[in-house]
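Here is a short tour of a protein complex. Keep the sequence and the 3D view open as you read.

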Amino acid sequence: MCLAVPARVVSLDSEAESAVVELDGIQKDVSTVLLDRVDVGDYVLLHVGFALERIDPQEAENTLAMFAEMRAADA
Amino acid sequence: MKYLDEYRDGATARIMAEAIRAEADTGRTYRLMEFCGGHTHAIFRYGIQDLVPDNLCFVHGPGCPVCVLPAGRIEAAIRLAEGEDVILCTYADLMRVPAGKKDSLHKAKARGADIRMIYSATDALGIAQANPDRQVVFFAIGFETTTPPTAAVLKIARAMQLNNFSVYCNHVQTPPAMAHILDSGEAQIDGILGPSHVSTIIGSRAYADCSGRYAMPIVIAGFEPLDVLASTLMLLRQINQGRHAVENQYMRVVSETGNQKAQALMDETFEPRALFEWRGLGVLPNSAVQIRDGYSQFDAEKRFAMQGVDVAENKGCICPAVLRGVSRPDECRLFGTACTPEDPKGACMVSSEGACAAWYSYGRRSASAGTAMEARS
Amino acid sequence: MSHSMKGVVDMTHGSGGRAMARLIEEVFMRHLDNPLLAQRNDQAAFGVPAGRMVISTDAHVISPLFFPGGDIGSLSVHGTINDVCMSGAVPLYLSAAFILEEGLPLADLERIVKSMADAANAAGVPVVTGDTKVVEKGKADGVFITTTGVGMVPDGVNISGELATPGDAILISGSTGDHGMAVLSSREGLSFSTTLQSDSAALHTLVAAMLDVAPDIHCLRDPTRGGLATTLNELALQSGAGMLLDESAIPVKADVRGACELLGLDPLYVANEGKLICICPAADAAPLLAAMQAHPLGRGAAIIGRVVEDAQHLVQMETAFGGNRIVDWLAGEQLPRIC
């Protein structure tokens, strides 16, 4: 029900609990108040101007690997 | 686009579709409910329906916060905007949803009500600060993905001691609605594709009860089409193997416990609401939240003594049945003729995630729809 | 930039008296300067070659008035030149009527008029007559501009929306969605920053280059409000045919795609102000594409689909994902969504 998009953290303002994120050349200010920790370079899921969660790069890779496994199994 | 394009690859989709085809038992049908409206949208936008075998169908669930918001709640907001001269801030999704008497926020705005579309809850705060002599009300809707941002904004408002800002809270909860659907059994579903982003907040453990109590396979599915296909395969396997469990396909952002900071923020500002009416599902207990005592000065329902408004649905509109997964959009006699995205009779046709809108825009239209278009010209 | 005008538009500027005359001289006449306008009549008289004449008019009410890559001034010139040349006509002259809101800064007005003048000069299509009115504060959004254009259709050219025929190729002159997203980025509240510029441009020389190569083009239209999807649906309806598009062939800039993802918008429905759709016999597609790509305004041109038989005249699309979807009419304005 909820449109959320992945974007890369470009800069942080920990005092203001906000960050600038980037998606394909578009930059946006978002709130990081819902995150425990976040670093520049992380990818976060954005929803209504808030970062909801960090995207785990390892798990993302695992998911793609799982898709690739299906590909190999078929071939 | 990183973390998007890779999950939209067509070649991989075809291979997954083959795997689904290979493992689907031709001797039975599979009815899988995608709970979340965003998944409904994705299924149609990417033509996933066409990729899966004919004996597998997606049953659309009520996970569309715009669709399940009772018309009376919108009507109450319109009355507030017009009667009390407040600045009403709303997400754009609500603007064209039919309220009572063929009305909508969009039409009320055209009549002169100060209704403003915002893109983030924090925008409403900004409007309140910029207009200190006006009352500003934020029309908050959404499932658990959207509730934490409202919670954050309430906290900021209290810290700022903003006295012209309040929230009209319509936040609802996923597990109770899911339990209600499963309890009635009328949708006759074999498995559930769980919502992506709600799960990011509440965690996969939130569905354990539903899965256990109703012996229902649940797979938390990512938002992109390959995620949906992979999750469909995972559900198929559970069903074929006679298992039922909560599995998490969206591992890159969903954990078992969810986002605990967001949960704490919600607990701080909201509490369970004993009863709440859901369009299509009726009045459900403990299925929604209201603003807690410590923040009651920001509760618009209290500040403006908002009364409940009863609004009758349009005759012939079967949104309730569609939301419960009992009927398909094209089974509604208004579909594509009297009810179109330009002139919607029910919320399911307006919301971009509504099953009827998705059905209409992306692919399944009855022949009469084509005639209606010609008649219009 | 020359001296910036001070002050704002007030009701006396519209009253027909000395203040109005001075405004017309110092702002409109000064920048839009051309021989016909300089005659200072209430009308402009000119001869035209024999043949079919085209006239088109458009009101421009865009907000904000200034956006990355353009403003209401240049838009009003480009927009009407484009409407004229979509018939294949060579645009000749423009008229411009201004409705000014009381309180509009004169510096803004001058900037807008100068922008119109620059656009008209670059296109070689002068604004030869005009009108100015002033309305009370609140009755206009800064300024409304209506431009009307006239042109002549060359012999043998017959371009019209009902001529799309099954088998025809569908081409677009470049990336879609640039203008709409550039304007959206400058609207308050969305707070996203981008280097996206509007693609606002006059397309008449591109059209001329295309007609040189393929005089029997069937349809031309610029996909403005409602985007590519709306324009194709209009043409499908007019022609009584269907269309089949190839999603992966439709050019969309990376940052347009990103901005659309962020807001939950579909680039197919986002406005363009410097692009055209061309429907032509299949045999003309390759030479037309080459001619377009050789022109500065057509570098990103692509063949994006074909016209098919369809009693329901639906516009369908093979998705990059491998499925098929209907690209329907827009229901009202496309709004950003959270769900």
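## Confidence in the model

pLDDT is the predictor's confidence in each residue, from 0 to 100. This is a predicted model. Chain C has a mean pLDDT of 93. In that chain, 98% of the residues reach 70 or more.

There are also scores for the complex. The predictor gives an ipTM of 0.94. Its pTM is 0.90.

## Chain A: strands, then a helix

Start with chain A. Its elements are five strands and one helix. Read from the N terminus, they run β-β-β-β-β-α. The radius of gyration of chain A is 15 Å, well over the 11 Å that the globule rule gives for 75 residues, so chain A is more spread out than a compact globule.

A box around the C-alpha atoms of chain A, taken along the principal axes, is roughly 50 × 25 × 25 Å. Of the 75 residues in the chain, 44% count as buried. Now take the contacts in chain A with a separation of 6 or more. Residues 24 or more positions apart account for 31% of them.

## Where chain A meets chain B

How many residues does the contact take from chain A and from chain B? Chain A gives 32 residues and chain B gives 42 residues. On the chain A side, the elements that give two or more residues are β4 (43-47), β5 (50-54) and α1 (57-74). Helix α1(A) gives the most to this side, with 10 residues.

What classes of residue make up the side of chain A that touches chain B? There are 20 nonpolar residues, five polar and seven charged.

## Where chain C meets chain B

Chain B also touches chain C. This contact takes 23 residues from chain C and 38 residues from chain B. On the chain C side, α8 (254-263) and β14 (324-326) each supply at least two residues. By class, the side of chain C that touches chain B has 10 nonpolar, eight polar and five charged residues.

## The two domains of chain B

Chain B is assigned two domains: domain 1 (1-316) and domain 2 (319-376). Their C-alpha centres lie 20 Å apart. The contact between them takes 30 residues from domain 1 of chain B and 24 residues from domain 2 of chain B.

Look at the side of domain 1 of chain B that touches domain 2. Helix α2 (37-45) and strand β2 (56-63) of chain B each supply at least two of its residues. Helix α2(B) gives the most, with six residues. By class, this side of domain 1 of chain B has 14 nonpolar, 10 polar and six charged residues.

## A covered helix and a buried leucine

Find helix α5 (residues 178-185) of chain C. This helix is mostly covered, and eight of its eight residues are buried. Among them are Asp178(C), His179(C), Met181(C) and Leu184(C). The cover over the buried residues of α5(C) includes β2 (66-67), β8 (192-193), α7 (227-239) and α8 of chain C.

Next, go to Leu75(C) in helix α3 of chain C. Why does Leu75(C) count as buried? A residue is buried if 20 or more other C-beta atoms lie within 10 Å of its own. Leu75(C) is buried because 29 other C-beta atoms lie within 10 Å.

Leaving out residues up to four places away in sequence, Leu75(C) touches His60(C), Ile62(C), Gly70(C), Ser200(C) and Glu273(C). Asp42(C) is 33 residues from Leu75(C) along the chain. The C-alpha atoms of Leu75(C) and Asp42(C) are separated by 24 Å.

Methods. Residues numbered from 1 in each chain as written. Chains lettered and ligands numbered in written order. Predicted model: local features only at pLDDT ≥ 70, side-chain atom pairs only at ≥ 80, totals over all residues. Contact = placed C-beta atoms within 7 Å. Helix = DSSP H or I, 4+ residues; strand = E, 2+ residues; numbered from the N terminus. Nonpolar A, V, L, I, M, F, W, Y, C, P; charged D, E, K, R; others polar. Rg over C-alpha atoms; globule rule 2.2 N^0.38 Å. Buried ≥ 20, exposed ≤ 12 C-beta atoms within 10 Å, placed from the backbone. Domains from an automatic or database assignment.
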